[in-house]
Amino acid sequence: MEPLPPAHGPPRVLQPTLTLHAKRDPPTTAPTVWSRKAPLISGAAFAIIAVLLASSLPLSHGNPGVGLGAVALAPGSAALSAAAASLAQGAGPAAGSPTHCSMTGLLAGVCTSTTVANASWANVTPQPPSARFGGGGTFDTWDNYYVLFGGTTKYELGAYLSDTWKFSAGVWSPIPTSTAPSTRAGASLAYDPVDHYVLLFGGCFSTSRLMACTTASSDTWKFVGGVWTEIDPAVSPAGRGYASMTWDAKDGYMVLFGGKSSTNFLSDTWTYLSGKWSELDPTTVPNNRDNAGLVYDAADGYVVLYGGGQQAGFNDTWKFVAGQWTFLKRGPVEGNGAALVYDPVDKYVVMFGGYKGALFDATWKLSAGTWTPLYPATHPVARNLATAGYDAADGYVILFGGANPSGSSDTWSFLGGGWTNLYPLVSPPGRTLAPIAYDARDGYVVLFGGARGSISGWGEGTYADTWTYIGGNWQPLVLATSPPGRAGAVMAYDWADNYIVLFGGQTPNGNLADTWTFSGGSWTQLNPLISPSARTNASMSWDGKNGDLVLFGGLGTTKNLADTWTFSAGSWTHVLTLTSPSARWGAGITYDVASGYVLLYGGYDGSYLSDTWKFTGSSWAQIVTSYSPPAVYQPQMIYDPVGGYVILYGGFDGGYVQATWEFSGGIWFYIHAGTAPSARYGAGMAYDGADGYLLLFGGYNGYWTDETWCFTQGGWLPLYPSTTPPLSSGSIATFDTHDNYTVLTGGFKQFDTSVTWTWHNGAWTALRPAVAPESRQGESMVYDAADGYVLLFGGSNGTYLGGTWSFSAGKWTQLSPALSPSPRTQAGMTYDAKDGKVVLFGGWNGAPLGDTWTYKGGIWTQLSLTKSPSKRSGLDLSYNPVGGYVVLFGGQGCGLLGCLTTTYLHDTWKFVGGTWTSLTLATAPTGRSDASFAFDTSTGQALLFGGFGCTGPLCALKGYLGDSWVFSNGAWALLKTGTAPMPRAGAAFAPIGPNGHFIMFGGQGCRGVGCLLGHFLADTWRH
């Protein structure tokens, strides 16, 4: 078994800046690299497991850096449209019927209380349609959602699609149809308000990039109530694709113009009404073209046509009214395939993207016949042939996908002159030792498996998921057949047989010796007569000179290995060599194209190694260099065909390594890369031939990372395809009423407040403000309605913190009040609407606290009270808008032996007019800390979920809880729930919307048999 990596502190904060002017030189001594030092030996594994087990338990008072944050949240009023995609590493809702107290140990606790029926949790894990361009889309007024149909996945030899999707309340959902138009791209779609259905005409199928329509369709379909029905009019336009079509509200019919047949570009004009097509004969017409933008401009009262093309593209603007075309003026240069939509909220036509010799990412508006450029700070990447339209149900312009050049699957809204990414792209969960390779046949990078990103190491097992990466997008594949989960496997592309080969790896039960191929999006297991023995962390690379794969060494079941194998035409061959690198595992390996041999560096054989070797088809020879990288295990090494040299990055040498090295002409050079991924080992790295850069994902540096980086032009750039905050516990969230979104920050595991997340319109968005509170967990955060900003106080990053910060309009500001509460973590904080002040109570600073503070207008005031709740941390505090008072529940205090023991509290208090009053209630949740608790303004009810604390009748058992409670009219009642989140504590939690909904993210919970260890979570739930 591979030694477990040591548990360390938080990862370095990464700044998204890079100057691509990297220096390289052969250093006189090895570069100094900051790293935490820790032994990496098999004998240390049990000690490491003990550390990990200890860190999985909530709130260790002696270690403020390992705990769960108190979640004290203000109610909000933003409309919830959907939950974001869950990246919870397969975490699912708890199965079975609800119980009063969840099973969190080897035995189940028993509780009894009143229950309330008809409550539900929903784990919504939406996936967008696959990346595509040339899809048809329009808003279906009858069914009240946006409809998307078909498209194609690539410029060249792409897959043509015939799937139907709806977009509603920020979520894409597939619509199963028994009958539908055939696969095609460039179909024309528009809503017919007279006939009350979506109209589809034409489209095309192509077998090459240059021929837009090898086969052009001339069929007419209607879509209504989720059903496609073909219409057979007596007369129809000729077959074509990429024609322009829109409803002409002034003249009362559908207008179709141009497009491309299988042989020609077209310029004919047709109308459609009540099931009949009619051709018009206008006096003047635009030139023959396809891909033109066509939309009805309600403000100006006519149909507008812009651009389109015959390869190069036009930039002319026309109006159509009463059956006649009139030239208006020249417009932006973008021309071909720009998205053109009328925005009824902003009352102008908006245009995005397009092509004329290059792809564009500019946004323009057309009003009263005049084009004006807009300069939104955030916008989609350059593209053309996107699907776009106005989403009347959600009140914004929607743009999906497009060509850039391989297609996209992102979704954007446009409102008030600005773009918002509604459906950010997904990313694999954090992991290490996941093999990664470029699939040259299918044109994307493939990632498989790896060690799960959890603090329990191998205790949680491994991944068995397959992801592809292209054009900046990660996409999970759902496959009928797949290799079993593993980490430490080797994977490389076989250029002779045009497939990826995967071999071996490690599971919690031992090493593997199976061989798999991946091609065309499918896995196939091979059964060669002979093969290498079971092993993990071997080294494998394509040998371009000899035309086969080369595998060396690895960690076997009982010893380090030094054998050499080649793989060709589905068979393994054992190569006997006179000389060889010593037995080792975790060495870097790649084919050096410039030098014409396989290059191997470093590894681990009980010591970290720094030797360099070359393999020339039948023998190994050591390369003696004057300078070399430090002795290192599990570096990433790959040939950069753009730079023409081998790149080596990261690894482990007793600490985590960050350095980047170049091997060229038999010499190692150290690259001064400036911005770079944080120090790590076990990352996956491959050359992305489709995107033209080196791609790095994941790795371990005390945490399992889920970062994506590229190496290009001699420097590193961070990529941000994630749709959800990373795994964390104790993150804090609150609703920002002024800016109309939920704010989330901090937390153990994430531990990074340089990245602030917002939840809006069903999606998480990462903000990276220039100034932010230092990394921390256990802080308190609430919306201060009196002062109009989000207020943050305290927390811990190994030291108790006491700073006061405000957050507004996406920016953090540090405040400097004359008097403040003492530094602390896990305090309760909420906004008291009746008194117009923020209230803070308790927390932990080496001992539990019991002081009460108020905040207003930048001033903290401590209250001197004769009666108050006992000292505690991890309590729940929220304002009851119906009762007009603050409610406090539970928390963690000191036990009978002082703070050497812990008591989980279950008392309920109210705070009004500066006075605390204890409530005596017949029923209440069992004692707990770090539960999720907040009031909803619309219902006046508070929802409480989970926490960590008592599970037995006498509170003898402690563990993660998964019960849901409601506090209403001064009483507690247990909710009956069917589907529910897994038991957890320290989740970020906030009310959203006027309909009694709550959103919950992440936390620390249990998964698996016995639930002995806690795991960090990254799932998003709506109640």
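Residues are numbered from 1 along each chain as its sequence is written, and side-chain values use heavy atoms, leaving out hydrogens and water. Because the model is predicted, local features need pLDDT of at least 70 and side-chain atom pairs count only at pLDDT 80 or more, while totals for chains, interfaces and linings use all residues.

**Stop 1**

Select residues 293-297 and 324-330, which are strands E15 and E18; strands here are DSSP runs of at least two residues, numbered from the N terminus. They belong to an open sheet with the order E15-E16-E17-E18 and antiparallel pairing, where pairing takes at least two DSSP bridges between two strands. E15 and E18 stand at the edges with a single partner strand each, so one side of each has no neighbour in the sheet. From one strand to the next, the twist averages 25 degrees (axes are lines fitted to C-alpha atoms, and angles run from 0 to 180 degrees between N-to-C directions).

Tyrosine 306 has threonine 317 of E17 as its bridge partner.

**Stop 2: aspartate 316**

Stay in E17 (316-321) and pick aspartate 316. Is aspartate 316 buried or exposed? At 4% relative accessibility it counts as buried (under 20% relative accessible area; exposed is over 50%, partly exposed in between, with a 1.4 Å probe and protein chains only). Its side chain makes a polar contact of 2.8 Å with that of tryptophan 318 (N or O atoms within 3.5 Å, one able to donate a hydrogen and the other to accept it; residues adjacent in sequence count only through side-chain atoms). Beyond four places in sequence, aspartate 316 touches residues including Arg289, Tyr306 and Lys329 (heavy atoms within 4.5 Å).

**Stop 3: two hairpins**

Jump to E57 (789-796) and E58 (800-808), antiparallel over six bridges. Leucine 792 is bridged to tryptophan 805, and glycine 798 in this hairpin takes a positive phi near 105 degrees. E58 also pairs with E59 (811-815), antiparallel over five bridges; in that hairpin alanine 809 takes a positive phi near 50 degrees.

**Stop 4: the cores**

Finish with Trp474 and Trp716, which touch the most other members of the largest nonpolar core, a set of 26 residues (buried Ala, Val, Leu, Ile, Met, Phe, Trp, Tyr and Cys joined through side-chain atoms within 4.5 Å). E49 gives the largest share, five residues. A second, separate core of 15 residues includes Ile623 and Trp668.

Terms used:
Helix = DSSP H or I, 4+ residues; strand = E, 2+ residues; numbered from the N terminus.
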